[in-house]
Amino acid sequence: MDLTLKIWRQASAGATGKFVNYPVSGISEDASFLEMLDVLNESLVMKGEEPVAFDHDCREGICGACSLYINGRPHGPDKGITTCQMHMRNFKDGETIVIEPWRAKPFPVIKDLMVDRSAFDEIIQAGGFISVRTGGVPDANAIPIPKRHADLAMDAAACIGCGACVAACKNASAMLFVAAKVSQFALLPQGKLEASERVRNMVTKMDELGFGNCTNTYACEAECPKEISVSHIARMNREYLVAKVTAPKE
Amino acid sequence: MVKLNAKIPAGPLAEKWTNYKAHQNLVNPANKRKLDIIVIGTGLAGASAAASFGELGFNVKVFCIHDSPRRAHSIAAQGGINAAKNYPNDGDSIYRLFYDTIKGGDYRAREANVYRLAEVSNNIIDQCVAQGVPFAREYGGLLDNRSFGGAQVSRTFYARGQTGQQLLLGAYSALSKEVGSGSVKLYTRRDMMDVVIIDGRARGVIMRNLITGAIERYAAHAVVLATGGYGNVFFLSTNAMASNGSAIWKAYRKGAFFGNPSFTQIHPTCIPVHGDYQSKLTLMSESLRNDGRIWVPKSLDDAEKIRKGQLKPTQLPEEARDYYLERRYPAFGNLVPRDVASRAAKERCDAGYGVGSTGLAVYLDFADAIKRLGKHVIEARYGNLFQMYEKITDENPYETPMMIYPAVHYTMGGIWVDYELQTTVPGLFAAGEANFSDHGANRLGASALMQGLSDGYFVLPYTMQNYLADQIGVPRFKTEAAEFEQAEKETRDRISKLLSINGNNTVDSYHRKLGLIMWDYVGMARNKEGLEKAIGMIRELRVDFWKNVKVPGTNEQVNPELEKALRVADFLELGELMARDALIREESCGGHFREEYQTPEGEALRDDKSFNFVAAWEFTGQESEPVLHKEPLQYEFVEVKQRNYK
């Protein structure tokens, strides 16, 4: 396949970025999207030009590192997969492909297609855990959990923290990401004890970091590579309301 | 000659760990605050260790190479984690898990370590459930189990096909809790450049900031390396792109012995290689062997037709198929250990029965299971794996058998550690895949997650205190010390040298060449002639690399090519040590198969008289040969036998 790549180049966080066109040729339909970028980068290195920087690691759709906005969609045109799992057979010979980084204020660009997603870690550090220490916990089968709840919790826990939900949202809202964690723990008896504090702390941190509000466009669910349902946002809203109403007075 | 002391506690096997804990030294809470620990890596071992140290009250600095600790490659483990819970009431016990692991490792692991691993396996499951890890459950609300290779019981806990992800996110949440509370300081996008040794003890590290290129110094009372394995020396492997051997290689060069470097696991069920642009290989979980049946055509003629696309596998009648694992190993069938399954696939393909366009593939067929259980059951068990397979290959595994072939997956070898997970450098510890300790010459499925979390949650929090107990009077170190100065200078010189070569070949081109040498001569089957040839070829390639590699850009920027160049430079040294280790081990055991040493049926032939030891290699200088030390393995509690899965 012969393609034209229109790629966002930006030297550093403070620099002004711009699109640059790169022709690539002889790309196999069986190559993955990132392997196609590897081919481009090899040729740039040999020409003495700076290769395109992008985050990637496992290349099997689970680490959440890759984060490309392809032809106006996070992780590109195919449904339910990450950029690294996308193969070139999803594109047409001769096509121009536009590649941008995630664009959201809380995810500043570091270089080219790399962005800083440490805001997600900060939200988890604010409460995305169950406060147990190592050791001294009950037997794993001491508390039976209805299979339906365990399965729903797993659906939420499948989140890979890539940030596609934020990139897809016109408000740069992190609701789906936060809701997935809140929902996972709210569904499990182990997580219920501190559910109120958790949802309050995580939502407060999310707002503080500059993520926008949810206006129910469902773009996040549509673009989520793990197809996490917006029903988790509904569960989080319920949890949040209960937490606000029942919060102890200062 | 240094005498290796594994520091195995006295007493009967089942009481060793209890005895150790009862008599070890502890550090009181007021003193813990004065002690600093550095942890490199945030996979299962690193994240769980850092979180646990933080909870105990130590000051912890934890470093990861990614933008977030949640991205460590533990996340990609699919199938499950073993534990001796015996919830299914099918005859499991701590002893049986221990025994299966020792036997699976082909009697090349330490009894005491493996027993401890089996012993704490149950605590791991309890811990993870308490953290909110959503393991698979039955309708009654209790935990579900499945089977993995090398075991006749169902002891594997799982979270769909994403067990590693869920366990890592559990450890990451524990770590995040400690980062939030301030006991652990997190440093992301950092690569370890060197270990700093002062007066014979590990006292700090040199890190490179991957965003700014800053070379940074950090001091501590102890350093833990939890940086994973070095399978990427083969270029194509199931490891993530950034997985590397540099941290442990630097430790080796600073005096930590390297244990069994040649012990590599080739995983039988990976998506076959296609195309020379390929950057990595994708694993299809071993759990698939619970329900999938492995076969190739019985006749060479059919195999030929399939390769040419004239015949489809679904058209081949039952009697024309050779279910070779079921035929050769009726007792374990498709669930033989990984090394056995991989070699059997290679044997069939080498004999001309392979399928796929390259002939380097065998079928993994779910037709029987779908008929027996229904498509929905198979979808519930393996849905994400089937989807992943379809995205990569463009074939629907519900309708046509999967094609698989062995690929490099895991390294049993690693930094030599004693029972306390301490290396030969005092104060330097190694955990998880980075150490050599628990899997002998072959790791059983679902045991890597177990070992990573065992080391981090339940072993290091004890053994670290035993080390630090006599360090309470040692004040915090200043990073101005001459040893830091020297280590930083060496790092800067190395980087400057790489950037100044400006040759004609990319870093990846060297990595690919190294990978091919390793796969051809230090891969699934090895022999004396090939290994000697490989050593020469690697040396030549290394010389060429330092003359002709092209690394663009500068140090003071985001520079992925420089990151890769630093790693490949280390792989070019590590690869040689692997070949050397494989050369001196004149026997076959587990994943190490020397063609000269096999039974008439083609099984691995161990030589317990001469090779019942851990090979621990000591670095003696860039130009001089490494020195081999032997830690004899004593089997007091199990009878050493020829492995038999028939």
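Which domains does the domain assignment of chain A give? In this predicted model, the assignment divides chain A into domain 1, covering 3-111, and domain 2, covering 117-246. The C-alpha centres of domain 1 and domain 2 of chain A are 29 Å apart. Between them, 18 residues of domain 1 of chain A are in contact with 17 residues of domain 2 of chain A. On the domain 1 side of this contact in chain A, nine residues are nonpolar, six are polar and three are charged.

Turning to the contact between the chains, 67 residues of chain A meet 63 residues of chain B. Several elements of chain A each supply at least two residues to the side that touches chain B, namely α1 (33-46), β6 (109-111), α2 (118-125), α3 (147-157), α5 (175-186) and α6 (189-192). The largest share, seven residues, belongs to α1(A). By class, the side of chain A that touches chain B holds 33 nonpolar, 17 polar and 17 charged residues.

Within chain B, a helix pair can be described in some detail. Helix α15 (residues 507-521) of chain B packs against helix α17 (residues 560-584) of chain B at an angle of about 20 degrees, and their axes are 10 Å apart. Because angles under 35 degrees count as roughly parallel, α15(B) is roughly parallel to α17(B). The crossing of α15(B) past α17(B) is left-handed. From α15(B), the residues V507(B), Y510(B), H511(B), L514(B), M518(B) and Y521(B) take part; their partners in α17(B) include E561(B), K564(B), V568(B), F571(B) and G575(B). The residues of this contact of α15(B) with α17(B) comprise 10 nonpolar, two polar and two charged.

Technical notes
Residues numbered from 1 in each chain as written. Chains lettered and ligands numbered in written order. Predicted model: local features only at pLDDT ≥ 70, side-chain atom pairs only at ≥ 80, totals over all residues. Axes fitted to C-alpha atoms, helices over the stretch in contact; angles between N-to-C directions. Helix = DSSP H or I, 4+ residues; strand = E, 2+ residues; numbered from the N terminus. Parallel < 35°, antiparallel > 145°, perpendicular 65-115°, else oblique. Left-handed = near helix turned anticlockwise from the far one by under 90°. Contact = placed C-beta atoms within 7 Å. Nonpolar A, V, L, I, M, F, W, Y, C, P; charged D, E, K, R; others polar. Domains from an automatic or database assignment.
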